[in-house]
Amino acid sequence: MKLNLLLGVLPIVTATPFHQFKRNIINDANQVNNQTYDYIIAGAGIGGLITANRLTEDENTRVLVIEAGGNGDDVRERIDIPAQAYLDGLPVDGSPYDWAIYTEAQSNLNGRNLHWPRGKIVGGSTAVNALYMTRSTKDQHDAWSELIDDDGWNWDNLLPYFRRFETFTTPKKSLEKNLSIEIEHSAHGYDGGIQISFPQYNYPQNGLWQPTFENLGIDSDNDPFSGQNIGGYITPNSIDPDTQLRSYAASAYLYPIETSRSNLVVLTDALVTRVNFDTSSARPKANGVSFRANGNNDEFQAHATNEVVIAGGTLGSPQILLQSGIGPRENLESQNVNVLVDLPGVGAHLQDHISATVEFSTTAPVGGSLSDSELDEQLEIFREGHFARSLYSTPNGAIAYIPLEDIMGDETSTFLDQLEANMTDATSSGDDPDEVKAGYRATYESDLENVYKAGNAVVEILMNNLGSNLGFQLALQHPFSRGKIYLGSSDTSENAKVDPLYLSHPADIQLIRNGLKYIRRLAATEPISTMIRDEVSPGLGTSSDDDLDDYIRNSAVSQYHPASSCAMLPEENGGVVDSQMRVYNVDNLRVIDSSTIPLPVAAHHMQVTYAICEKGADLIRGYQKASDSPSATDSESGASLSKHFNGQLLIMMMIIASIVNGL
């Protein structure tokens with residue numbers, strides 16, 4: 001009987017997140033109104049929670065994090081279920097957990113407005129995304145460091161930050177052999193807060209993925225986390241391998257420490273509307289924020305003695321800067337915002353991975369082949385906590401990164417010549433400030449030399465097993481089109497305008513078109529061809545360049561990887577932050593999130609964002625390298641504390657079970 005009771009307790013303990021003992025997450029703005037903290041952070045996504053975690057390692061440092069969304073308790077189970085599985089994951093479109101951001105009508109996409117889902121909840125987009133973990137490459141980071149003339153951002157110096165945030169679980173030997181997975185252990189971390197693991201279930205077509213690219217003449221690099229990523233892989237996910245629960249910014253950086261650090265306060269349901277400044281000196285000094293709470297117009301304030309950190313992401317951070325009077329003068333004056341600093345790069349340099357898909361009918365098992373009763377059964381299994389039996393509780397995707405020569409073939413030389421001759425044509429708009437145009441030239445030239453000519457990946461292909469057909473999604477990784485984010489209203493509760501200006505540079509649609517042709521070659525190549533029947537979309541009747549271009553303009557969507565709207569570039573190149581992530585021409589203000597990425601990167605942005613935010617927190621604390629930081633060995637951060645807390649609670653539950661049995 002004792003054994004049965006104990007076994008009955010264990011699944012509950014394993015499946016229950018350890019954040020029900022909340023103390024420091026509040027939603028009463030009056031508790032922080034006019035209070036003073038050492039640091040105030042706007043946003044509780046990756047940047048906000050990492051920075052708060054690292055700063056509060058010093059018990060004498062008081063930190064306030066202000067998050068516009070809720071704490072997520074009302075949808076806890078749906079957060080823990082990965083998105084794009086087959087279960088009841090947390091939706092974003094049309095829900096209160098989404099910022100409801102839509103682009104301006106895109107003239108090159110036949111006037112369509114694209115949805116850009118972003119998580120409005122503690123944990124940010126890591127609480128709602130599909131959890132694919134891919135990593136940017138050595139050449140990209142070395143190019144980044146050259147652009148800003150700071151070796152601290154090159155591959156060698158950033159790799160320790162990639163390793164710091166993760167606990168990597170190697171795949172089972174059978175899976176490793178079946179999927180041709182090779183692990184370079186020096187590229188991975190094994191005691192960070194974010195769990196990274198391979199799916200427990202893989203579709204049979206995944207085992208055909210890498211051999212197909214080999215038959216196309218592409219040899220895959222050993223481990224795509226090690227600085228090179230050419231070829232086909234099965235991507236790991238940010239999922240706890242023991243519980244199959246989502247591992248995300250809140251579970252790694254907030255919940256393990258928020259009951260033990262009284263120097264940390266997280267205020268939810270509160271929207272930061274602007275940063276406040278002391279303007280008594282020549283340079284404005286950030287000294288706090290103004291915010292609204294619980295959807296009403298009452299304005300509150302909080303004060304910061306050291307710094308204000310903006311961590312609102314690619315879309316939120318430029319909006320806060322603009323509303324604070326930092327940005328292009330013309331846009332600010334048009335919305336009656338007092339100009340504090342005329343900084344033309346705020347909101348500029350916006351880029352995104354645009355994607356289009358080719359679908360085939362297939363003999364392979366896909367998500368759409370599951371019946372409603374099978375889906376219900378999987379969901380019930382998940383809810384019971386028997387995660388090892390749940391075949392469909394995790395997303396699993398086959399991803400490939402392909403260089404220019406394979407996409408363009410015999411057209412490669414001509415394409416490069418045309419690209420070099422017309423590199424700065426069709427920048428975001430003709431009236432861009434000179435600084436912004438200079439930044440376009442600098443980043444274009446960097447991409448041309450370090451990506452297109454160097455044989456690095458220009459497109460990603462993701463095999464999608466979710467629908468009724470087998471889909472191959474192609475995403476342009478280094479677009480030349482640049483857009484902008486700008487204020488379109490003086491109402492601070494409204495989202496800023498988002499205009500990515502997709503396909504405004506002629507090179508982009510040419511690359512996507514040739515990428516779709518490459519997918520057709522891929523589908524006709526063994527062994528993946530053995531599972532392909534007929535092309536469903538766009539269909540073999542869509543074959544001419546003009547027809548393919550029409551298909552792209554009618555169907556292309558965002559891959560949800562926007563970046564660079566507060567780019568880390570020299571100020572004369574339209575930069576917003578310097579290499580220390582400090583906003584130009586003001587004091588005590590930084591931006592720490594994906595908006596600071598200066599160049600397009602061939603990867604999903606979650607990994608690189610964790611790494612740069614870990615580095616950003618170190619920069620605040622005065623550490624230039626990960627090896628200098630106490631966090632490199634701090635056992636009370638991330639996974640170490642989480643596992644300790646998990647173990648202590650398990651022991652406590654076992655003791656309770658024994659007592660009950662004794663009764």
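Me: Which rings are linked into a cluster by ring pairs?
Reply: Rings of Phe, Tyr and Trp (its six-membered ring) pair if their centres lie within 6.5 Å, with planes under 30 degrees apart counted as stacked, over 60 as edge-to-face and the rest as tilted. Here such pairs join Phe415, Tyr440, Tyr444, Tyr452 and Phe480 into a cluster, and the count of aromatic pairs by this rule comes to 15. This is a predicted model, in which local features need pLDDT of at least 70 and side-chain atom pairs count only at pLDDT 80 or more, while totals for chains, interfaces and linings use all residues. Residues are numbered from 1 along each chain as its sequence is written, and side-chain values use heavy atoms, with hydrogens and water left out.

Me: How many helices and strands does the protein have, and what share of its residues is buried?
Reply: Helices (H or I, at least four residues) and strands (E, at least two) are DSSP runs, numbered from the N terminus, and in this protein they come to 18 helices and 23 strands. Buried means under 20% relative accessible area, exposed over 50%, and partly exposed in between (1.4 Å probe, protein chains only); buried residues account for 61% of the 663 residues. Helix α2 (residues 46–55) has ten of its ten residues buried, so α2 is largely enclosed by the rest of the structure; among them are Ile46, Asn53 and Arg54.

Me: What is the geometry of the pair formed by Phe168 and Tyr190?
Reply: Phe168 and Tyr190 are edge-to-face, at 6.3 Å centre to centre with 85 degrees between the planes. The pair links distant parts of the chain, since Phe168 lies in strand β6 (residues 166–168) and Tyr190 in the loop between α6 (173–178) and β7 (194–196), 22 residues apart. Phe168 counts as buried at 5% relative accessibility, whereas Tyr190, at 38%, counts as partly exposed. Another edge-to-face pair is that of Trp209 and Phe213, at 4.9 Å centre to centre and 80 degrees between the planes. Both residues of that pair lie in helix α7 (residues 209–215), four residues apart, about one turn of the helix; Trp209 counts as buried at 1% relative accessibility, and Phe213 counts as buried at 0%.

Me: At what angle do the axes of α13 and α15 cross, and which residues make the contact?
Reply: Axes are lines fitted to C-alpha atoms, for helices over the stretch in contact, and angles run from 0 to 180 degrees between N-to-C directions. Angles under 35 degrees count as roughly parallel, over 145 as roughly antiparallel, 65 to 115 as roughly perpendicular and the rest as oblique. The axes of α13 (residues 412–421) and α15 (residues 506–523) come within 11 Å and cross at roughly 160 degrees, and the two helices are therefore roughly antiparallel to each other. With contact meaning heavy atoms within 4.5 Å, Phe415, Gln418 and Leu419 of α13 meet Ala507, Gln510 and Leu511 of α15. Phe415 also belongs to the ring cluster.

Me: Where is Lys172 placed, and is Lys172 buried or exposed?
Reply: Lys172 sits in the loop between β6 and α6 and is exposed, with a relative accessible area of 63%. Its C-alpha atom is separated by 9.1 Å from that of Gln200, 28 residues apart along the chain.
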